[in-house]
Amino acid sequence: MLFRSIRLHPDDYILYLRQGLSQKRAGAIEAAVTDFDEALRRIPRPMSAAELGPRVFNSGLAETHIHNMAVELHTERAEALQTIGQVDAAMEDLDAAIALTARPTIVQRRATLRLLTGQFDGARSDFDTVLDRGIDADAIFGRGLARYMAADWAGATLDLQRALRLKPRSGVYALWLLKAQLRARQPVPLDEFKGIPQNNPAWAWINAFLGDYDGGSLVNGLRSAAAGDPARTCETTYL
């Protein structure tokens, strides 16, 4: 149906956007990228949120509609490009979307991509921007990871403690917090993990690192690798 509509209206960017979304849902990612490319070639120049001012809240206006469609196109293409491994191009699309509107959800997506690609300072800056707009456990956790990867383990500990307090059942948050505390050679208060369900797989690792695990080989291996230094445990186990 869309193929026929595009043949009849080859300059309608909305049709290419819809077809791209359909291709993306079907798993035809490269075809989706091609459709998003065609849509972005045809869309009129979008105004930024700053240029629109109060009009940005009126989706009934043509200029606001174009703005919203351009943001959607850049973010959808970014996700598709990342899926097929074109990370640099995905980052360019996120940059373009943020230039139009600094929505926290988009900034956080860029922060995550920066974190995954080793751009730790940029990731931390983006997470800061998100958190300036309100408290978000995932953003606090992400900033903690950025600090951890940049070897700021004391700073990472502060963020990861805060994230775990917001989501006390998260085993993932707890493990990263424990790793940061060990690397920073800080005390580990056991009660900070009390909200994690006992059947959570994180407990095996928590107990192993704290030397309270009777699984034998795991804890002995960790202790031997650490040679008495808990920070070396993280390095030897790639944590």
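Visitor: Which residues have the most contacts inside the largest nonpolar core?

Guide: They are Tyr-13, Ile-43, Leu-73, Phe-193 and Ile-206, in a core of 62 residues. Helix α5 (residues 62–83) gives the largest share of this core, 8 residues. Please keep in mind that this is a predicted model, where local features need pLDDT of at least 70, side-chain atom pairs count only at pLDDT 80 or more, and totals for chains, interfaces and linings use all residues. Residues are numbered from 1 along each chain as its sequence is written, and side-chain values use heavy atoms, with hydrogens and water left out.

Visitor: What makes a set of residues a nonpolar core?

Guide: The members are buried Ala, Val, Leu, Ile, Met, Phe, Trp, Tyr and Cys residues, joined through side-chain atoms within 4.5 Å. Buried means under 20% relative accessible area, exposed over 50%, and partly exposed in between (1.4 Å probe, protein chains only).

Visitor: Which residues does Leu-73 touch?

Guide: Leaving out residues up to four places away in sequence, Leu-73 touches Tyr-13, Leu-17, Phe-36, Ala-39, Leu-40 and Ile-43. Contact here means heavy atoms within 4.5 Å.

Visitor: Why is Phe-141 called buried?

Guide: Its relative accessible area is 12%, and the limit is under 20%, so Phe-141 counts as buried. Its helix, α9, is mostly covered, with 11 of its 13 residues buried.

Visitor: How many aromatic pairs does a search of the whole structure find?

Guide: The search finds 2. Phe-141 and Tyr-173 form a stacked pair, at 4.3 Å centre to centre and 20 degrees between the planes. Rings of Phe, Tyr and Trp (its six-membered ring) pair if their centres lie within 6.5 Å; planes under 30 degrees apart count as stacked, over 60 as edge-to-face and the rest as tilted. This pair links helix α9 to helix α11 (residues 171–183), with its partners 32 residues apart. Tyr-173 is buried too, at 5%.

Visitor: Why is the pair of Tyr-148 and Trp-176 edge-to-face?

Guide: The planes stand at 90 degrees and the centres are 5.1 Å apart, so the pair is edge-to-face. Tyr-148 in helix α9 and Trp-176 in helix α11 are 28 residues apart, and both are buried.

Visitor: What lies over the face of Trp-176?

Guide: That is Lys-179, at 3.2 Å from the ring centre. A charge sits over a ring if NZ of Lys or CZ of Arg is within 6 Å of the ring centre and within 35 degrees of the ring normal.

Notes: Helix = DSSP H or I, 4+ residues; strand = E, 2+ residues; numbered from the N terminus.
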